[in-house]
Amino acid sequence: QVQLVESGGGSVQAGGSLRLSCVTSRYTITRHCMAWFRQVPGKEREGVAAVGGAGDTRYADTVKGRFTISRDNAANTLYLQMNSLNPEDTSTYYCAGTRGHCPVAGSDALEKYIYDYWGQGTQVAVSS
């Protein structure tokens with residue numbers, strides 16, 4: 001079965017950087033859309049960044065210019081480089097992937113409903 005396993009979370013001061021990884025198994029990332037979401041208790045899970053199977057990307061306005069989503073296709077691994085972190089970025093971050101073929105990160109690429117597979121999450125804490 002498909003598995004997504006995140007790592008790389010931790011605690012950092014405002015202005016710092018972290019790099020999250022999502023290792024997939026039994027999954028060819030170049031055929032699917034993948035994304036990073038985040039969620040704090042009591043709030044909806046929100047899409048942060050997405051990449052289509054062909055490599056196009058989309059970002060939430062709140063992270064544009066600070067976060068970068070990327071892939072290592074050979075290793076079937078997804079990354080999220082997070083720079084200039086601020087306390088509002090504190091959250092649990094989840095990796096997600098579609099079941100079906102998804103060559104392009106369309107207008108709904110940051111919506112939860114298009115994703116079928118989810119990781120267990122990794123926590124990021126940013127202190128001021």
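Tutor: Let's start with a definition: a disulfide is a pair of cysteine sulfur atoms within 2.5 Å. Keep in mind that this model is predicted.

Student: Okay, so what makes C33 and C102 a disulfide?

Tutor: Their sulfurs sit 1.8 Å apart, and the cut-off is within 2.5 Å, so the pair counts. The angle about the S-S bond is -65 degrees, and the link is left-handed. It links distant parts of the chain: C33 is in the loop between β3 and β4, C102 in the loop between β9 and β10.

Student: How many disulfides does a search of the whole structure find?

Tutor: It finds 2. C22 is joined to C95, with S to S at 2.0 Å; that is within 2.5 Å, so this pair passes as well.

Student: What parts does the pair of C22 and C95 tie together?

Tutor: C22 lies in strand β3 and C95 in strand β9, so the pair ties together parts that are 73 residues apart in sequence. Each of the two has 0% relative accessibility and so counts as buried.

Student: And why do β1 and β7 count as edges?

Tutor: The open sheet runs β1-β3-β8-β7, with antiparallel pairing. β1 and β7 each have a single partner strand, so one side of each is left without a neighbour in the sheet.

Student: How do you know that β1 pairs with β3?

Tutor: Pairing takes at least two bridges. 5 bridges join β1 to β3, so they pair.

How values were computed. Residues numbered from 1 in each chain as written. Predicted model: local features only at pLDDT ≥ 70, side-chain atom pairs only at ≥ 80, totals over all residues. Heavy atoms only, no water. Helix = DSSP H or I, 4+ residues; strand = E, 2+ residues; numbered from the N terminus. Buried < 20%, exposed > 50% of the residue type's maximum accessible area, 1.4 Å probe, protein only.
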